[in-house]
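Please read the sequence and the model side by side.

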Amino acid sequence: MSKKNIVVVGAGFAGVAAAKKLSRHFKKNPDVLITLIDKHSYQTYMTELHEVAAGRVQPDAIQYDLQRLFSRNRNVDIVTDEVTHVDREAKVVTTSSHSFNYDYLILAMGGEPNTFNVPGVDENGFTMWSWEDANKIRRHIQDTVEAASNEHNDEKRKAMLTAVVSGAGFTGVELVGDLMEWKDQLARANKLDPAEFSLYLVEAAPQILGVVTEKEQQKAEKYMLKKGIQIIKGNGVANVKKDSVELSDGTVIPTHTLIWTAGVKANTDAAAYGIEQARAGRLVANKYMEAKDSEGVYLAGDLVYYEEPDKNNAPVPQIVQSAEQTGHTAAANIIASIEGTEKHEHKGTYQGFMISIGSRYGVAYLMDKIHLSGFIAMLVKHIVNLFYFMTIGSGYYFVQYIYHEFFHIKEKRNIFRGHLSRLGNVLWALPLRVFYGSMWTWEAIKKIYGLYGTTSWFGDEIVLPFAWLKEATTGASEAVTDTAAAVSHPVFGLSYAYGEEPMMVFKEAPEWFNSIMQIMIPNPEMALFFQKFMTIVELLIGLAIIAGLFTFLANAATIALVISFALSGMFYWVNMWFVPVAIALMNGSGRAFGLDYYVIPWIQKKLDNWWYGKTKSIYRPGVGQQ
């Protein structure tokens, strides 16, 4: 087969989905090269822009480096550049710095805000369709609120503390919901009264959230009204000035912050490619996602216009599900074209819609029949987001999403209301860590002393827990017998002065455990070796915990040991405190005056560079995966 060059323009949901599918299919075919071109070196998780704009998460939480995403996809060449021209006759894509020949091309540059030529939006308002937009809004609100805290004029101050969100679709509702939560934090940071803040959600249509059912609309509206958001329906924005917004009916809202989320259109760059356009500048595709009258050119994502026959000829929606599915269709048909197999018609399948209103409440409509709200709706939204990282094969960003959304969240802004946050000071775990590690170390030292100085590890008679082990050691020396028994005899030195005998977890080992141990320790020699080995393990675990080295793994190992001791029939309930203490110390306790403070970041850096390579702000042709 002759070499095939596939160029994908745009690293949004559609472009990444297409490139991943192509890469996986052709991973063993050296004759197929995929080039992914985007003006940024990262993918933006567009559905969570509102979280950055309204201060819920840090900006880097929704920025996914392309090399990290494609580090294992060696047949994908990442290029950071801006496409300036597409020559469909010569089959050449030209960027600001290079040109790329293609056999197949996927255009997936996405969309951009559609302001419908409303006066003043571009000059005086803010749009939210990129990572840069979200950061700009975030900084503007912070600066404006800070300035308002020093403003003596009450009317001007009120205008500065008023924000208007135009458009009550997914983006608008999610944004105003996060702004609603953020205002309390902003008020506290700037010594303001939260009651001074005003939030408006303005929608030209007669209802909000037009893609879900009336049930979700009513629940969302009720929740927002309860939280003080003022909702205006059937009355859109007509004019935007620097310090006010005028609505269609002439109502004027004094404000310094108008955020436009009322429409989307195809990327304007697509107009220069000579492909037929439909409304909002979207490029017309056929059922295979091929661009009309353009051989080898496929379309995906928000810029596609294709009327779905099974959806009453409605155009494919400009949502994430559709973006990924059109990307998959385009990739599948390029594969079919290269391999000479039958092409696949596009059939959109939309499993549902989930809308967050702040970090702790949401509504969802799933599979045309399931209605959810509150905690469950938000949980489903998080699960769907996590599932996305599984579909693109990114374990790194799967973990990072959990990290940003649950464990390193501030101001209790998640569905667990901050209960999972790891932002507490682990210094207070230091005494517990040293004490716990010392317990393990001392037990190991006692066993070592017993091995070399007495007939018993603990200086007293030890009862063998396993009948088979008694038989195996019959006739052996007393030291060997006692040594083998001590493998399953961890007595952690507590005094029982309460007038009753301590209760064992198991009076005797379960038969299945006996069977396993009989295989592992078939004779006295192995018993002695195993006992010495376990003693060394306990010593190393104790020293590691004291030193704060690999504390997560060391404490996880102690849990495993306690379970094995309990199963052996020689562990007491009174000592089960070892398990919750180990769990508590797994929360980064080695970072406070411990070696993990130095070792873990060093290991993370080395592993990161080995697995992903060095991330860059610009990826050049031919070096994107090096």
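What order and what pairing does the open sheet of 3 strands have? The order is 6-7-8, and the pairing is antiparallel, where strands are DSSP runs (E, at least two residues) and helices are DSSP runs (H or I, at least four residues), both numbered from the N terminus. The model is predicted, so local features need pLDDT of at least 70 and side-chain atom pairs count only at pLDDT 80 or more, whereas totals for chains, interfaces and linings use all residues. Residues are numbered from 1 along each chain as its sequence is written, and side-chain values use heavy atoms, with hydrogens and water left out.

- Strand 6 pairs with strand 7 (residues 92–95) in the antiparallel sense over 4 bridges, pairing being assigned if DSSP finds at least two bridges between two strands.
- Within this pair, V86 has V93 of strand 7 as its bridge partner.
- In a regular strand the side chains alternate between the two faces of the sheet.

**Overall features and confidence**

- The secondary structure of the protein comes to 19 helices and 27 strands, and its C-alpha atoms fill a box of roughly 95 × 75 × 45 Å along the principal axes.
- Of the 626 residues of the protein, 52% count as buried, a class that requires under 20% relative accessible area, with exposed set at over 50% and partly exposed in between (1.4 Å probe, protein chains only).
- The accessible surface of the protein is about 29,700 Å², and 56% of this belongs to carbon and sulfur atoms; the areas come from the Shrake-Rupley method with a 1.4 Å probe, and for residues only the protein chains shown count as cover.
- Among contacts (heavy atoms within 4.5 Å) with a separation of 6 or more, residues 24 or more positions apart account for 69%.
- The average pLDDT, the predictor's confidence in each residue from 0 to 100, is 89 for the protein, and 91% of the residues score at least 70.
- Over residues 452–496 pLDDT stays under 50, although the model has 92 contacts beyond four places in sequence for this stretch.
- Where pLDDT is low, the predicted coordinates should not be read in detail.

**Hairpins**

- Strand 15 (residues 237–241) and strand 16 (residues 244–247) pair in the antiparallel sense over 4 bridges, and they form a hairpin with 2 residues between them.
- V245 of strand 16 is the bridge partner of V240, and V245 also stands opposite I253 in strand 17.
- Strand 16 pairs in turn with strand 17 (residues 252–254), in the antiparallel sense and over 3 bridges; their hairpin has 4 residues between the strands, and G250 takes a positive phi near 95° there.
- Strand 26 (residues 362–366) and strand 27 (residues 370–373) pair in the antiparallel sense over 4 bridges, with H371 of strand 27 as the bridge partner of Y365.
- In the hairpin of strand 26 and strand 27, which has 3 residues between the strands, M367 takes a positive phi near 50°.

- Helix 1 (residues 13–25) has 13 residues and reaches 18 Å from its first C-alpha to its last, close to the 18 Å expected, the expected span being 1.5 Å times one less than the number of residues.
- Because 10 of its 13 residues are buried, helix 1 is largely enclosed by the rest of the structure; F13, G15, K20 and L22 are among the buried residues.
- Helix 17 (residues 551–567) has 17 residues and reaches 24 Å, close to the 24 Å expected, and its buried residues include T551, N555, I559 and F565.
- G569, which follows helix 17, has a positive phi near 85°.

- S198 lies in strand 13 (residues 198–203) and is buried, with a relative accessible area of 8%.
- Not counting residues up to four places away in sequence, S198 touches K158, L161, T162, A163 and Q230.
- M160 is found in helix 6 (residues 154–160) and counts as buried at 9% relative accessibility.
- Leaving aside neighbours within four places in sequence, M160 is in contact with T144, A147, A148, E151 and H256.
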